[in-house]
Amino acid sequence: MSETHDGRTRDGGTRLTEVREREGAAPDRDASGRTDGATPAPKSSDAHTKLTVWIALAANLVIAVAKLVGGLFAGSPALLSEAAHSVADSLNEVFLLAALRRSKRPADPGHPFGYGKERYFWSLLAAVGIFVMGGCFSVFQGVEALRSSGEESTSGYVVGLVVLGVAFLAEGTSLARALLQVRGQEGGIGSDPALRTVVAEDGTAVLGVLLAIAGMALHMTTGQVVYEAAASLAIGVLLLFVAFKLGADARDQLIGEGADPETREAITAYLDAQPEIDGVATLLTMRLGQDSLLVAARVDLAPGHESEKLELVMERVKAGLTERWPEADQVFLDVTEAPEATKDHTSPDLTA
């Protein structure tokens, strides 16, 4: 006999109560109606993440225009590299806003597990945008600067340094906002790909601005364009590295990333601790979205359970698992061996 019911069955609450009454235990509930000992479902942080993304988008749009105007006026390759960086970040914020909206669409027959992985897809596109528009363009600007004579006016560079100073304050403010959300969010930075991308973008932007300021200042002081070209190349390499890391994370999540080892061990220990279960033969998990986890387990049952009670037992086990891990909204349990009570009903002739 096998169980293939979803962890949240239509009549799961009624059946769970029936099981507890048969076992002589009344369901304990607090004033809110929640079963005692249950972990409340986590509140969605999408509203905070969306505000963080909007702040980053506004900052990047203003900064991109300022850097572009200052870079063209000064003829600075480092400043133009930073302008490309801000343009890429602005486009990526648009991707992330699309991810936040589309990933919340409800499940349908074509996508029975929902659209939670949309967030990972758009995060992958954001990583590609950083790679192409930011990293590659910055490397190109650095190489072009080494090949040119690099004669720029001092007045233009003063304007460029002022623009970078303002950009540093704006990017720093956006980064502080993102880090503040990370600090107050359960699961940290790794639990939300959109927030992780914003933190990576803003952190890279702050470092990039510092590199551009250093390159421009040394160019002004020494008259050697090599310093600014080196700054542009360094910005490009930094962006390529960040894009690779973000893309690798999004790839792992898109192809089916499991729960962390601590969560898997805790779920296994919970199932092993159930009196009706002899052991866990297999446990499979996969992240379906930020707040959605699929749990599939093959379990060996202890002998002596009646077939009619087996379904109720499995529903109680699944309900308890979902109470402890609210993100586990898709739970499937499969019994690998029939109970001993069923085996004992073999015909005497066949037994002989």
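I took a residue as buried when its relative accessible area is under 20%, as exposed when over 50%, and as partly exposed in between. The model I examined is a predicted one.

Entry on Tyr-270 and Trp-325. I looked up the accessibility of both residues and found Tyr-270 and Trp-325 buried. I then looked at their rings, which form an edge-to-face aromatic pair, with 6.0 Å from centre to centre and 75° between the planes. I placed Tyr-270 in helix 8 (residues 261–272) and Trp-325 in the loop between helix 9 (307–324) and strand 3 (330–335); the pair therefore ties together parts that are 55 residues apart in sequence.

Entry on the other rings. My search of the whole structure returned 4 aromatic pairs. One of them joins Phe-121 and Trp-122 edge-to-face, at 5.5 Å centre to centre and 75° between the planes. I noted that Phe-121 counts as partly exposed because its relative accessibility is 37%. Trp-122 counts as buried, because its relative accessibility is 17%. I also recorded a cluster in which ring pairs link Phe-95, Phe-121 and Trp-122.

Entry on a charge over a ring. I found Arg-105 over the face of Tyr-115, at 3.8 Å from the ring centre.

Note on methods: Residues are numbered from 1 along each chain as its sequence is written. This is a predicted model: local features need pLDDT of at least 70, side-chain atom pairs count only at pLDDT 80 or more; totals for chains, interfaces and linings use all residues. Side-chain values use heavy atoms; hydrogens and water are left out. Rings of Phe, Tyr and Trp (its six-membered ring) pair if their centres lie within 6.5 Å; planes under 30 degrees apart count as stacked, over 60 as edge-to-face and the rest as tilted. Buried means under 20% relative accessible area, exposed over 50%, partly exposed in between (1.4 Å probe, protein chains only). Helices (H or I, at least four residues) and strands (E, at least two) are DSSP runs, numbered from the N terminus. A charge sits over a ring if NZ of Lys or CZ of Arg is within 6 Å of the ring centre and within 35 degrees of the ring normal.
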